[in-house]
Structures are given as structure tokens and as C-alpha cells.
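Hello,

Here is the structure I promised to pass on to you. Please open it beside this email, and my notes will follow below.

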Amino acid sequence: MTCASRGICLITARNICKEYCDASEKIVIFDNLNFTIHSGETIALMGQSGAGKSTLLHLLGGFDKPESGHIEINSQSISSMSDARLSRFRRQFLGMVFQQYNLIPSLTARDNISFVRRLNGLPAEDEFTRELVHALQLQDRLDHYPSQLSGGEQQRVAIARAIATQPLLILADEPTGNLDEQTAAQVMTMLMRAVALQQSTLLLVTHSPTTASYLDKTWRLEQGQLLC
Ligand SMILES: Nc1ncnc2c1ncn2[C@@H]1O[C@H](COP(=O)(O)OP(=O)(O)OP(=O)(O)O)[C@@H](O)[C@H]1O
Ligand SMILES: [Mg+2]
């Protein structure tokens, strides 16, 4: 990894343009967006509903492509990777918490968490995952399927899955959005511990100033521009 230590440029986004078109209109989300994120930074991304926060995370994770512009992560161009290379890159490097969780419905909570570790050649469980499961208060829900879990429980499984491989980059879309204050505080404490342990880089979308206060800095997305 060329950008694994704190302070080195990890993400570079240059001239990103993104729009959505349907039959009647074109919505411009980003028009020439530029930014850099350094390795080890933890950044809260805030902004009104519809501002483009999830869109930005999907672009960075390679789940969506910009109309034009260039995204480099760890000196690799996300925008021009083949699907196979992108999958490998995500598996080895990225932990993603989606706003809609995206758990695999046919797997229990335990297997949703462990399958990403198995894909990376790690044992299904170790001391870190056991601590993670306890900190996220999932120990009594591990044998349940996503459809048997509450929204907040599914959200915590999604967080556990995203950090179970201790990835160098974590993109988290409103990871405390469905949680009560006390659980949100426990989740943020665990997430920040995992980030510190691995010196991961974290970009976390939130509407909560309390959640944002756990991170080094806050960026605001307004009218397609990042206010850093
Ligand atoms: N696939 C799509 N097709 C058309 N429009 C889309 C699509 N995905 C997102 N949009 C539009 O793009 C804009 C940005 O959406 P996005 O989900 O990124 O917002 P957000 O900042 O994450 O909002 P929220 O805080 O509500 O989650 C919205 O106006 C949304 O309706
Ligand atoms: Mg969103």
C-alpha cells in the first residue's frame, strides 16, 4: 500500500461531474468537484437531504461512475478499473456501510459479518470480531437473518461487516441514523477504536452534529460544492 501512513494523499477527486437524467429533467449533482483526503483522516460529511452525500460515497466506492472526472484511491484509478479489479480492490481495501444496509438476506448476521473475512482469507472470528460483536451488542442476534432484525440491529450488523476486515478506507453512510443516542455513542466509540487501531481513513455521512464531533473534521456538501 503506497498511502497507508497518516498524512499521505489517499483519495484524489479531480473535476468530478455527476448528473442523473430521466425523461423530463436532468439533475446536476456535482459540477467540477475537486478534493483530496489524506490517509488517516476522519471526516464527517454533512449536508441537506438530496445534496449528494450518498452519491459521493457510491462514486468513491466505485458503485457508481461519474460522467467525467477522475477518482484515484491509493494511487489507483477507480474510474477506469475493470469490474473484476474493482471487486478485488473493494474486498482488500474498503469497508462500506450503505444507507440501506445491503445485508445479504439469505445469510445470518454472523455469516454476513464473517463472509467478508473469509473472502480475505481471514478466520471467520477472532478476538477483534468478538469484541466488535459485543461492543455493537449483537451477541444475541448472530443467528438471526436480516428480515428478523430491527432496523437498528441491521444497521449495527452492516457496521460490523464493514469494519470486520479492518479496512484502510471506511465509507459509512449515516451509520447511526437509526440508533438511539446511547447506542449511537457506543457504535461511534467502537468505530473510532477500529479506525485508530488500523489507522484507517473514514468518511462518514451524518445529519447529527454529535456523531460528527467524533471525527477530526466536518465537510458540508452544498449545491454540488464541498465546503471544507
Ligand atoms: N439513480 C438515481 N436516479 C435519479 N436521481 C437520483 C438517483 N440517485 C440519486 N438521485 C438524486 O440525486 C440527488 C442526490 O441524492 P443522494 O442520495 O446522493 O442525496 P443525499 O445527500 O444522500 O440525501 P439523504 O440525506 O436524504 O440521504 C437527489 O436529488 C436524488 O433524488
Ligand atoms: Mg443519502
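What follows is a walk through the aromatic pairs, the helix packing and a few single residues.

Before the details, a word on the ground rules. This is a predicted model, in which local features need pLDDT of at least 70 and side-chain atom pairs count only at pLDDT 80 or more, while totals for chains, interfaces and linings use all residues. Residues are numbered from 1 along each chain as its sequence is written, chains are lettered from A and ligands numbered from 1 in the order in which they are written, and side-chain values use heavy atoms, with hydrogens and water left out.

**Aromatic pairs**

A pair of aromatic rings is described by the distance of the centres and the angle of the planes. Rings of Phe, Tyr and Trp (its six-membered ring) pair if their centres lie within 6.5 Å; planes under 30 degrees apart count as stacked, over 60 as edge-to-face and the rest as tilted. By this rule there are three aromatic pairs. In one of them, the ring centres of F35 and W219 are 5.7 Å apart and the planes stand at 75 degrees, so this pair is edge-to-face. F35 belongs to strand β2 (residues 26–38) and W219 to strand β9 (residues 217–222), so the pair ties together parts that are 184 residues apart in sequence. Strands and helices here are DSSP runs numbered from the N terminus (E, at least two residues, for strands; H or I, at least four, for helices). F35 and W219 are both buried, where buried means under 20% relative accessible area, exposed over 50% and partly exposed in between (1.4 Å probe, protein chains only).

F63 and F98 also form an edge-to-face pair, with 5.0 Å from centre to centre and 75 degrees between the planes. F63 sits in the loop between α1 (53–60) and β4 (68–73), and F98 in the loop between β6 (94–97) and α3 (109–119), so this pair ties together parts that are 35 residues apart in sequence. F63 is partly exposed at 37% relative accessibility, whereas F98 is buried at 14%.

Which way does α6 run relative to α4 and α5? The axes in question are lines fitted to C-alpha atoms, for helices over the stretch in contact, and angles run from 0 to 180 degrees between N-to-C directions. Angles under 35 degrees count as roughly parallel, over 145 as roughly antiparallel, 65 to 115 as roughly perpendicular and the rest as oblique.

Helix α6 (residues 181–198) packs with α4 at an angle of about 160 degrees, the axes being 9 Å apart. The two helices α4 and α6 are therefore roughly antiparallel. On the α4 side the contact (heavy atoms within 4.5 Å) involves F128, E131, L132 and A135, and on the α6 side Q186, M190, R193, A194 and L197. These residues divide into six nonpolar, one polar and two charged. In that grouping, Ala, Val, Leu, Ile, Met, Phe, Trp, Tyr, Cys and Pro are nonpolar, Asp, Glu, Lys and Arg are charged, and the others, Gly among them, are polar.

For α5 and α6 the angle is about 5 degrees and the axes are 11 Å apart. That makes α5 roughly parallel to α6. Here R156, I159 and I163 of α5 meet T183, V187, L191 and A194 of α6. The residues of this contact divide into five nonpolar, one polar and one charged.

**Covered helices and single residues**

In α1, seven of the eight residues are buried, among them K53, S54 and T55. Just after α1, G62 takes a positive phi of about 75 degrees. In α3 the buried residues are A109, N112, I113, S114, V116 and R117, and what covers them includes α4 and α5. G121, which follows α3, has a positive phi near 75 degrees.

Q137 has a positive phi too, near 55 degrees, although it is not a glycine. Q137 lies in the loop between α4 (127–135) and α5 (151–163) and is partly exposed at 39%. Y145 lies in the loop between α4 and α5, and touches P105, S106, L107 and T108, not counting residues up to four places away in sequence.

Best wishes
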